Amino acid sequence: QPPVDELDWAPWEQQGVEQSLSGAIVGSAITVRERLENFIERIKPDEILATAQIFDHAARVHSFEIVAEVREQLFAK
């Protein structure tokens, strides 16, 4: 569905959304790299899954391009 300006959520729904978004990494390739490096250092995950709940297809593709670029930089070391 297209984005809307406001949602009328119950408090428990709002809390769930805020908790989900607390781990979001948003921004330019530089910001994504810095935050992802920090996340990897702190959490030491076995794997990372990237998702993008972006309505605009071109913006969603661009988001994954940024993640792919950062992945290449991180694992080129």
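Glu-72 is partly exposed, with a relative accessible area of 48%. On this scale, buried means under 20% relative accessible area, exposed means over 50%, and partly exposed is in between, with a 1.4 Å probe and protein chains only. The accessible areas come from the Shrake-Rupley method with a 1.4 Å probe, and for residues only the protein chains shown count as cover.

Before I go on, this is a predicted model: local features need pLDDT of at least 70, side-chain atom pairs count only at pLDDT 80 or more, and totals for chains, interfaces and linings use all residues. Residues are numbered from 1 along each chain as its sequence is written, and side-chain values use heavy atoms, with hydrogens and water left out.

Which residue forms a salt bridge with Glu-72? The partner is Arg-71, and the closest N and O atoms are 2.7 Å apart. A salt bridge here is a side-chain nitrogen of Lys or Arg within 4 Å of a carboxyl oxygen of Asp or Glu. Arg-71 is partly exposed too, at 47% relative accessibility.

How many salt bridges does a search of the whole structure find? The search finds 2. Glu-37 and Arg-33 form a salt bridge as well, with 3.4 Å between the closest N and O atoms. These two residues sit 4 residues apart in helix 2 (residues 29-43), so about one helical turn separates them. Glu-37 is partly exposed at 29%, and Arg-33 is partly exposed at 25%.

**The chain as a whole**

The protein chain has 3 helices and 0 strands, and its elements run α-α-α from the N terminus on. Helices (H or I, at least four residues) and strands (E, at least two) are DSSP runs, numbered from the N terminus.

The radius of gyration of the protein chain is 15 Å, whereas a compact globule of 77 residues would have one near 11 Å. That radius is taken over C-alpha atoms, and the globule rule is 2.2 Å times the number of residues to the power 0.38. Along the principal axes, the C-alpha atoms fill a box of roughly 45 × 30 × 20 Å. Of the 77 residues, 9% count as buried.

**The segment before helix 1**

Gln-1 lies in the segment before helix 1 and is exposed, at 86% relative accessibility. The C-alpha atoms of Gln-1 and Phe-55 are separated by 7.1 Å, although the two residues are 54 residues apart along the chain.

Val-4 is also in the segment before helix 1, and at 55% it counts as exposed. Together with Leu-7 and Trp-9, Val-4 makes a nonpolar surface patch of about 300 Å². Patches are made of residues with over 30% relative accessible area and no salt bridge; like charges are joined within 9 Å, and nonpolar side chains (Val, Leu, Ile, Met, Phe, Trp, Tyr) within 5 Å.

Glu-6 lies in the segment before helix 1 (11-21) and is exposed, with 72% relative accessible area. Asp-5, Glu-6, Asp-8 and Glu-13 gather in a surface patch of negative charge. Lys and Arg count as positive and Asp and Glu as negative, while His and the chain ends are not counted. The place of a charge is NZ of Lys, CZ of Arg, CG of Asp or CD of Glu.

Lys-44 is in the loop between helix 2 and helix 3 (57-75). Lys-44 is exposed at 59%, and has a positive phi of about 55° although it is not a glycine. Most residues other than glycine have a negative phi.
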